[in-house]
Each structure stands twice: as C-alpha cells, then as structure tokens.
Amino acid sequence: MAEETKENQSQKEQQSQQKQAYTLPKIDFSTFVLSMNSSALVQLGLIEDPSGGQRTKNLPLAKQTIDMLAMIEEKTKGNLTGDEEKILTNILYELRLLYVKATSE
C-alpha cells in the first residue's frame, strides 16, 4: 500500500511539473493570427509539422488558411488596434508571397 501511495504521489508530481513546464500563451487576436500563420507555414512545407516532425506541402489547405486570414481582415476592418492590424496585414502579405513562390516551383 505504501508503494501505491508513493507511485501516485510520483505521478502527481510529474503531472504538476508538466503543467508548469508547458503553459499555453494568453489567447488574444494576435496569438490567434500567429497560430494561423504557423499553420500556413506548415501547409506550405516551410516548417516541420510539430505532430509528425516532417515537412509536407498541402497547397490547397495553405490557400484556404490564407483566404481565412483575408476574410478575418475584411470582417474586422475598423475594429482592430493598430498593432493587431499591422500583424494581420504583414502576415497576409508574407504568406501570399510565399504561396505564389510555392506554386511557381
């Protein structure tokens, strides 16, 4: 019984350490846009997919992600802070350039 208690205690300590080591970022508009940017970069094959550790291109999905960001830009026009607007505009510009480059290869 004492061994079970020590094992349970050890598991709880490990879980606590994992929670402390991995804290999610605050959810706001900028982190949302940056998350979509990361997804598009994975879809363009420019960075490794964190779940599989491989680079694979999925250009139709990348285009859809870029189009969703464009829709968000259109629907939020006039409702963003200057920094939020700048982040979205710059990310869209960069992703569009990367998409055109990826489709011309």
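**Helices, salt bridges and packing**

Colleague: Is Glu105 buried or exposed?
Modeller: The relative accessibility of Glu105 is 65%. Buried means under 20% relative accessible area, exposed over 50% and partly exposed in between, with a 1.4 Å probe and protein chains only. By those cut-offs, Glu105 is exposed.

Colleague: Good to know! What kind of model is this?
Modeller: Residues are numbered from 1 along each chain as its sequence is written, and side-chain values use heavy atoms, with hydrogens and water left out. Local features need pLDDT of at least 70, side-chain atom pairs count only at pLDDT 80 or more, totals for chains, interfaces and linings use all residues, and the model is predicted.

Colleague: Which pattern does the protein follow, read along the sequence?
Modeller: Helices (H or I, at least four residues) and strands (E, at least two) are DSSP runs numbered from the N terminus. The protein has 4 helices and 0 strands. Along the sequence, that reads as α-α-α-α.

Colleague: Back to Glu105. Which residue does its side chain meet in a salt bridge?
Modeller: A salt bridge here is a side-chain nitrogen of Lys or Arg within 4 Å of a carboxyl oxygen of Asp or Glu. Glu105 has such a partner, with N to O at 2.9 Å. The partner sits in the loop between helix 2 (29–43) and helix 3 (59–75), while Glu105 is in the segment after helix 4 (82–103), 48 residues away. At 46% relative accessible area it is partly exposed, and it is Lys57.

Colleague: And which residue forms a salt bridge with Asp67?
Modeller: The closest N and O atoms of this pair are 2.9 Å apart. Both residues lie in helix 3, 4 residues apart, about one turn of the helix.

Colleague: Let's turn to helix 2. What distance does helix 2 reach from its first C-alpha to its last?
Modeller: Helix 2 has 15 residues. The expected span is 1.5 Å times one less than the number of residues. The reach of helix 2 is close to that expected value, at 21 Å.

Colleague: Which helices do the buried residues of helix 2 pack against?
Modeller: The buried residues of helix 2 include Val33, Met36, Asn37, Ala40 and Leu41. Contact means heavy atoms within 4.5 Å. With that cut-off, the packing partners are helix 3 and helix 4.

Colleague: Are helix 2 and helix 4 parallel or antiparallel to each other?
Modeller: Axes are lines fitted to C-alpha atoms, for helices over the stretch in contact, and angles run from 0 to 180 degrees between N-to-C directions. Angles under 35 degrees count as roughly parallel, over 145 as roughly antiparallel, 65 to 115 as roughly perpendicular and the rest as oblique. The two axes lie 10 Å apart at about 5°, so helix 2 and helix 4 are roughly parallel.

Colleague: Which residues does Ser30 touch, not counting residues up to four places away in sequence?
Modeller: Ser30 is found in helix 2. Ser30 is buried, with a relative accessible area of 17%. Its contacts are Glu84 and Ile87.

Colleague: How far apart in space are Leu95 and Leu41, C-alpha to C-alpha?
Modeller: Leu95 lies in helix 4 and is buried at 0% relative accessible area. Leu41 is one of the residues that Leu95 touches, along with Asn37, Ala40, Leu44, Ile66 and Leu69. Leu95 and Leu41 are 54 residues apart in sequence, and in space 7.8 Å.

Colleague: Last one: what separates the C-alpha atoms of Leu69 and Leu95?
Modeller: Leu69 lies in helix 3 and is buried, at 0%. Its contacts beyond four places in sequence include Val33, Met36 and Leu95. Leu69 and Leu95 are 26 residues apart along the chain, and their C-alpha atoms are separated by 9.9 Å.
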